[in-house]
Amino acid sequence: MQYHLNGYRYGDPTTHEAAAGRDGEQGPLPDSVDVLIVGTGPAGTVLAAQLAEFPEITTRVVERRQGPLPVGQADGVSCRTVEMFDAFGLAPTLLNEAYWVNETSFWAPSPSHADEITRTGRIQDVADGLSEYPHLIVNQARMQELLLEKAAKSPSRLRVDYGFKALGVDVPETPEAPVTVTLEETDEDGRGTGTIRTVRARYVVGCDGARSAIRTSIGRSLHGDAQNHAWGVMDILPVTDFPDVRKKAVMQSASGSLLQIPREGGHLVRYYVDLGDLPEGDRSVRERTTFEDILTAAQKAIHPYTLDARDVAWWSVYEVGQRVTDGFDDVTAQDVGSLNPRVFIAGDACHTHSAKAGQGMNVSMQDTYNLGWKLAAVLQGRSPASLLATYSGERQKIAEELIAFDKEWSAMIGSKAADVSANNVESHFVAGGRFTSGLSTVYVESLLTGGTGHQDLASGFEVGTRFHSAPVVRVADAKPEQLGHVHEADGRWRLYAFGDAADIGAEDSALRALLRFLDESEQSPVRRFTPTGQPDDAVFDVRAILQQDHHEVDLDAIPSFLLPAKGRFGLRDYQKVFSAERTNGQLLGRIPGIEATADVYDLRGIDRRRGALVVVRPDQYVAQVLPLHAHAELAEYFSSFMLDQE
C-alpha cells in the first residue's frame, strides 16, 4: 500500500481522501445516474466496491431491505476469491477472521455395521501450488459488509440506498438513450409500499437474485432442471463426540448424506443434510419441514456419534436445481454485434445451482469483477461501448461449466451409500480441486484474450487463466512480496516484464528496449491510451522483474520510466522493480505462501534467455504472453479495444 503521496495525512490509510463534492452525505437517490446496481448480494457488492474507485462515474446501489444482510446463506470462499479480495486490500481481514479449510475427511458405512459410519480417508483440501491462499469459510454477510465498507471509504464515498425494490427496466429503441428503472419503496419487512419512482441510467446491472425483476424485464429466463431432491442446511453450535467436528467432512451413511463445514470463530458448524428424493412437482418441502426434522436426519447420518444443537444461528430447506440463462445482457442473439448492451444480469439472476460445490457466491463475485472494469473503461471514454459485449460472452460459458460440475458433484454426494463407493466420492473431490478452488476458469481466444503462439516464453502463466502469483523481492527496499499482490482492483492493466539474460542497463537488453518503446514511441499504448495530464501508470501499471539478486541491481541504471515522478510533489515511485531471487522464509513471518524453493522464472516456466512480457487484465486474467521485442503486436492488441486519448 502506498499513501502520503500528496502530503502527510493522519488516520486510517485505507480511507481515501474524498473526491471533490463527495466529502459530505451521499444525498437522496438522484433521477439520473451512470450505473444503477440493483441488489447488494455478492455480485452487487463487488461491483459497488469496484466502481466506487471512480468518483467521476455516478454509481448508485439500491436494495429492497432496510439495511445490510444480517445472516448470509453462502460461506465457502475459494482461493480465487481470496486472490480477488487481495486486490481490494481485504485479504488480510479474511485470513484473520476465517476458518481455514486445511483438510477434508471422508466417511462411509462401516463394513461390519452398516448403520454406523467410519472414516475412509483424509486429504489436503487445496493441493500444493494451486494458490498462495487457502480455501476459507466466512459468512456471506461479512463478505458483503467488507465490500460495502470498502466502497464507503473510497473517493466516491459510495453507500447503499436501502428501501427500494426494482419492479422492472424499460430499454428504449434508441441505442444511446438511457434506460429507465421503475422502483418501489419498501417497508421494514421489504414489502412494497406503493410509492413508485423512476431512475434513468446509462447502464443497469441486475444483481437481484433468482427472482430477478431485471432479468424478467429484458426477456431472459432461467433454463434447467430441478433434481427432485431436498436438502436441509443449519448453522448450529454443536456438542458432539464426532472426532472430525473441526474439519470439513463428507459423510455417506445408510440413511443419507451429510456434509459438515466448520465455520469461523472456532465453534459454529454448518451441516448440509440429505432429506431424500421428492415426488416430481412437489414444492411443499419448505413448508412441511422443521428444524427438528433436519437435526434428526443429521443425527441418524452421523451414527454412532452423537450430535446435539445447543444454539441455532440459521436454518433452511432447499431443493437442488441447476439453471442458467441464455445470455447475461439485454442484447438478443440476432442483435449481437450490431447493438451494445445497456442492461446486465449477474450472480443468481443468471445462474442458480446447489450449495455443495461452494461456488455460488464465488462465481457471482467473479461475474461482476469481470464486468466492473469494462463499465469503467467505457464510461471514462477509454474503450468503445462494444467492449461490454464481452461480459456475456465470457461469463455465460463459465456459468454453464459450473452447472455441469455442480450436477456431477451434487449427484455424487446425494447418492445412497449403497450406490456409490467412498473411493468414488474422494476421487471425484480430488479431480474437481481446481474447480472448487475457483481456478478452472479459462477465457478462450477473443478480443481480450490472445493466442498461445508465445506461451513457451512463460508456460506457467497460461493465457486465459488468472495470473498465478509467485514470490519476488522488491529491489528498492528488499521487501519479499507476492508479485500478484501488487494488482489492485482499480481498472488498470498490468504489464509484467520479465527481463532477458542481458543486464537492464545494457544496450542489447530486450527489456530496456521495451521500456524505451513504452516511454517514447508514438505507437506505445501508454502514450496513446493514457489521458493527458494523468500519470504514466494511470492506465498501464508496468512492473519489471529482473534475474539478478536485488543487491546486484544498480538503481541508477534503471530507466526513469520505472521510477516515475508522481503526485503534486513529483515523488519517485520505487515499487515497480523486483528481483526474481528465491526468498528467505525467515524474513517473511506469517505471510501465507510466500516462501519459495525456486524463483519466479523456474516456478512459472519463464525463458531466462529471452524473457517475456505478461499482459494481465484488470480482473487478474492473463491476456497475452509476448516476446519483449513484440512492440507492434502489443500496440495492435490494445488498439483493438481502446480509444486514443487527447
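Which residues do ring pairs link into a cluster? In this predicted model, the cluster is made up of Trp373, Trp493, Phe540, Tyr637, Phe638 and Phe641. The count of aromatic pairs comes to 21. One of them joins Trp107 and Phe242, whose planes stand at 50°, so the pair is tilted.

**Aromatic rings**
- Ring pairs, 21 by count, include the one between Trp107 and Phe242, with ring centres 4.8 Å apart.
- Trp107 belongs to strand β5 (residues 103-109), while Phe242 sits in the loop between β12 (223-240) and β13 (248-252).
- The two residues are 135 residues apart, and their pair links distant parts of the chain.
- Trp107 has a relative accessible area of 3% and is buried.
- Phe242 is also buried, with a relative accessible area of 2%.

**Thr45 in helix α1**
- Helix α1 spans residues 42-51 and contains Thr45.
- The relative accessibility of Thr45 is 0%, so Thr45 counts as buried, the limit being under 20%.
- A polar atom of the Thr45 side chain lies 2.9 Å from the backbone oxygen of Gly41.
- The backbone oxygen of Pro42 lies 3.2 Å from a polar atom of the Thr45 side chain.
- With neighbours within four places in sequence left aside, Thr45 is in contact with Thr40, Gln144, Leu147 and Leu148.

**Nonpolar surface patch**
- Leu5, Phe569 and Leu571 make a nonpolar surface patch of about 260 Å².
- Within this patch, Leu5 comes from the segment before β1 (32-38).
- Leu5 has 35% relative accessibility and therefore counts as partly exposed, a class that lies between 20% and 50%.

- Asp490 is placed in the loop between β20 (480-482) and β21 (493-498).
- Is Asp490 buried or exposed? Its relative accessible area is 17%, so Asp490 is buried, given that the class takes in values under 20%.
- The side chains of Asp490 and Arg492 are joined by a polar contact of 2.9 Å.

Terms used:
Residues numbered from 1 in each chain as written. Predicted model: local features only at pLDDT ≥ 70, side-chain atom pairs only at ≥ 80, totals over all residues. Heavy atoms only, no water. Helix = DSSP H or I, 4+ residues; strand = E, 2+ residues; numbered from the N terminus. Buried < 20%, exposed > 50% of the residue type's maximum accessible area, 1.4 Å probe, protein only. Polar contact = N/O pair within 3.5 Å; in protein donor to acceptor, adjacent residues only side chain to side chain. Contact = heavy atoms within 4.5 Å. Phe/Tyr/Trp six-rings, centres within 6.5 Å; stacked < 30°, edge-to-face > 60°. Patch = residues over 30% accessible without salt bridge, like charges linked within 9 Å, V, L, I, M, F, W, Y side chains within 5 Å. Areas by Shrake-Rupley, 256 points an atom, 1.4 Å probe, with all protein chains shown as cover. Salt bridge = Lys/Arg side-chain N within 4 Å of Asp/Glu carboxyl O.
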